[in-house]
Amino acid sequence: MKVNAQSVNFNADGKLINFIQTRLDKLELFYDKVISSDVYLKVQKTSAKENKIVEIRVNIPKDKFMVKKQCKSFEEAIDSACNSLERKLIKRKEKLRLQT
């Protein structure tokens, strides 16, 4: 799957980009028609500990899913967002299966 990662106001290191790629590749286990995904990484300028924001948009045929999570670390936010996307993709697959 093609993953487009963008970091806002900072430079993401290679480890984080690789983590994003491997985690999003696992989404294809749940729904094999995923076209691409866009990942936006942001750091909020607050004194709160949970200042890392991750937005993931997954493009599938005739639809797209968007998930936004805010956590203490990018890895935790990506993991949480991917879990939500997995549930959405499973629901989508079940819905398509019931239609046919």
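Leaving aside its neighbours within four places in sequence, which residues is E86 in contact with? The legends below answer this and describe further close-up views of a predicted model, in which local features need pLDDT of at least 70 and side-chain atom pairs count only at pLDDT 80 or more, while totals for chains, interfaces and linings use all residues. Residues are numbered from 1 along each chain as its sequence is written, and side-chain values use heavy atoms, with hydrogens and water left out.

**View 1**
E86 lies in helix 2, where helices (H or I, at least four residues) and strands (E, at least two) are DSSP runs, numbered from the N terminus. Once neighbours within four places in sequence are set aside, the residues in contact with E86 are R23, L27 and F30, contact being defined as heavy atoms within 4.5 Å. E86 has a relative accessible area of 13% and is therefore buried, a class that means under 20% relative accessible area, whereas exposed means over 50% and partly exposed lies in between (1.4 Å probe, protein chains only).

**View 1. The protein as a whole.**
The protein has two helices and four strands, and from the N terminus on these elements follow the order β-α-β-β-β-α. Its radius of gyration is 14 Å, close to the 13 Å that the globule rule gives for 100 residues, so the protein is as compact as a globular protein of that length; this radius is taken over C-alpha atoms, and the globule rule is 2.2 Å times the number of residues to the power 0.38. The C-alpha trace spans about 50 × 25 × 20 Å along its principal axes. Of the 100 residues, 34% count as buried, and among contacts between residues at least 6 apart in sequence, 49% join residues at least 24 apart. The protein exposes about 6400 Å², of which carbon and sulfur atoms supply 50%; accessible areas come from the Shrake-Rupley method with a 1.4 Å probe, and for residues only the protein chains shown count as cover.

**View 2. The aromatic pair of F10 and F74.**
The structure holds one aromatic pair. This pair, formed by F10 and F74, is stacked, with 5.2 Å from centre to centre and 15° between the planes; rings of Phe, Tyr and Trp (its six-membered ring) pair if their centres lie within 6.5 Å, and planes under 30 degrees apart count as stacked, over 60 as edge-to-face and the rest as tilted. Distant parts of the chain are linked in this way, since F10 is in the loop between strand 1 (2-8) and helix 1 (14-25), while F74 is in helix 2 (residues 74-99), 64 residues apart. F10 counts as partly exposed because its relative accessibility is 23%, whereas F74, with a relative accessible area of 8%, is buried.

**View 3. I56 in strand 3.**
I56 is placed in strand 3 (residues 52-60), and because its relative accessibility is 0%, I56 counts as buried. Not counting residues up to four places away in sequence, I56 touches L24, D38, V39, F65, M66, V67, A81, C82 and L85. I56 and V3 are 53 residues apart along the chain, and their C-alpha atoms are separated by 9.9 Å.

I35 lies in the loop between helix 1 and strand 2, and S36 is found in strand 2 (residues 36-43). Residues up to four places away in sequence not being counted, I35 touches M1, K2, N59, I60 and P61. With neighbours within four places likewise left aside, S36 is in contact with M1, K2, R57, V58 and N59, and at 16% relative accessibility S36 counts as buried. I35 and K69, 34 residues apart in sequence, are 22 Å apart in space, C-alpha to C-alpha.

Most residues other than glycine have a negative phi. N9, although it is not a glycine, has a positive phi of about 70°; N9 is placed in the loop between strand 1 and helix 1 and, with a relative accessible area of 66%, is exposed. K62, also a residue other than glycine, has a positive phi near 65°. K62 lies in the loop between strand 3 and strand 4 (63-71), and its relative accessible area of 87% makes K62 exposed.
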